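This report describes one protein chain from its coordinates. The sequence and the structure come first.

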Amino acid sequence: IIIDLEKENLIERVKNKKKFGMKLTETGFEILQDIYNLLKICMEKSRIKPMLFKGKIVTGMGEGAYYMSLEGYKKQFQNKLGYEPFPGTLNVKIEDKNYLNSRKDLINYPSIFIDGFKNSDRTFGWVRCYPATISQETKLCRDMTQSQTTDISSDVHVLLLERTHHNNNLIEVIGPLNLKESSNLKNGDTIVVMIKESVRIT
């Protein structure tokens, strides 16, 4: 491969005492710059693509209230999200395969990072937070980029946890209020969760 690159005038050998090194030629650098620019454009476009999830509200395991009450998380939520979350999560179960595939890709989307920490008893993992909105769906278009919905809350965050007992078909949502009570939601209701396009990475 190195010989082929040299023949194409993309790299050149440089003698350093008794050893040889390699460096990019001007042509090689220009080609590498083109590749970099192309990858940058592709990644930026993929990051701003709207991400939607549709599912039904279900009862969780009760873990959310415990984790939301831990000081190691509460302080970071306040500093990075701008609020102290209600001690509990809104659990949304995803059944449609298209949304399940998006759920797997969520880790590649820009997020607000909450560091893991240790206390005297155990170690707690990191949390990725994604600013989102919640709507009650009336009709969703085939391309999943537009929907006829009634907005419920625009100040919430979807969580992606390093350690969880849930599988990929469940999404956990937090907010400053009890989302079920403040939005008049109940188990079995179908909602649409949309990750906001503009996210700062921390």
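The sections below go from the overall chain to its cores, selected residues, surface patch and salt bridges.

## Basis and conventions

The model is predicted: local features need pLDDT of at least 70 and side-chain atom pairs count only at pLDDT 80 or more, while totals for chains, interfaces and linings use all residues. Residues are numbered from 1 along each chain as its sequence is written, and side-chain values use heavy atoms, with hydrogens and water left out.

## Overall chain

The protein chain has six helices and eleven strands. Of the 202 residues in the protein chain, 34% are buried. Buried means under 20% relative accessible area, exposed means over 50%, and partly exposed lies in between (1.4 Å probe, protein chains only).

A contact is defined by heavy atoms within 4.5 Å. Counting contacts between residues at least 6 apart in sequence, 67% join residues at least 24 apart. The protein chain exposes about 13,000 Å², and carbon and sulfur atoms supply 51% of that area. Accessible areas come from the Shrake-Rupley method with a 1.4 Å probe; for residues, only the protein chains shown count as cover.

## Nonpolar cores

In soluble globular proteins, nonpolar side chains tend to be buried together. A nonpolar core is here a set of buried Ala, Val, Leu, Ile, Met, Phe, Trp, Tyr and Cys residues joined through side-chain atoms within 4.5 Å. The largest such core has 24 residues, and Val158, Val173 and Ile195 have the most contacts inside it. The elements giving two or more residues to this core are β3 (51–58), β4, β8 (127–140), β9 (147–161), β10 (170–174) and β11 (190–195). A second, separate core has 14 residues, including Leu70, Phe77, Ile112 and Ile114.

## Ile195 and Met51

Apart from neighbours within four places in sequence, Ile195 is in contact with Met51, Phe53, Leu106, Tyr109, Tyr130, Pro131, Ala132 and Val158.

Met51 is found in strand β3. Met51 counts as buried because its relative accessibility is 10%. Residues up to four places away in sequence aside, Met51 touches Ser102, Asp105, Leu106, Tyr109, Val193, Met194 and Ile195. Met51 and Asp105 are 54 residues apart along the chain, and their C-alpha atoms are separated by 9.6 Å.

## Thr89

Thr89 is found in the loop between α4 (71–81) and β4 (90–94). With a relative accessible area of 18%, Thr89 is buried. The side chains of Thr89 and Glu172 are joined by a polar contact of 3.3 Å. A polar contact is a pair of N or O atoms within 3.5 Å; within protein, one must be able to donate a hydrogen and the other to accept it, and residues adjacent in sequence count only if both atoms are side-chain atoms. Beyond neighbours within four places in sequence, Thr89 is in contact with Gly64, Leu159, Glu172, Val173 and Ile174.

## Nonpolar surface patch

Leu24, Phe29, Ile31, Leu32, Ile35 and Leu39 make a nonpolar surface patch of about 550 Å². Patches consist of residues with over 30% relative accessible area and no salt bridge, with like charges joined within 9 Å and nonpolar side chains (Val, Leu, Ile, Met, Phe, Trp, Tyr) within 5 Å. Helix α2 (residues 26–48) supplies the largest share of the patch, five residues. Leu24 is found in strand β2 (residues 19–24) and is partly exposed, at a relative accessible area of 41%.

## Salt bridges

A salt bridge places a side-chain nitrogen of Lys or Arg within 4 Å of a carboxyl oxygen of Asp or Glu. The count by this rule is six. Arg13 and Glu6 form one with an N to O distance of 2.9 Å; Arg13 is partly exposed at 44% relative accessibility, as is Glu6 at 31%.

Glu12 forms a salt bridge with Lys23, the closest N and O atoms being 3.6 Å apart. Glu12 lies in strand β1 (residues 11–16) and Lys23 in strand β2, eleven residues apart. Asp115 and Lys80 meet at 3.8 Å, N to O. Asp115 is in the loop between β5 (112–114) and β6 (117–118), and Lys80 is in helix α4, 35 residues apart. Asp115 is partly exposed at 38% relative accessible area, and Lys80 is partly exposed at 23%. Glu71, Lys74 and Glu84 are linked in a network of salt bridges.

Conventions. Helices (H or I, at least four residues) and strands (E, at least two) are DSSP runs, numbered from the N terminus.
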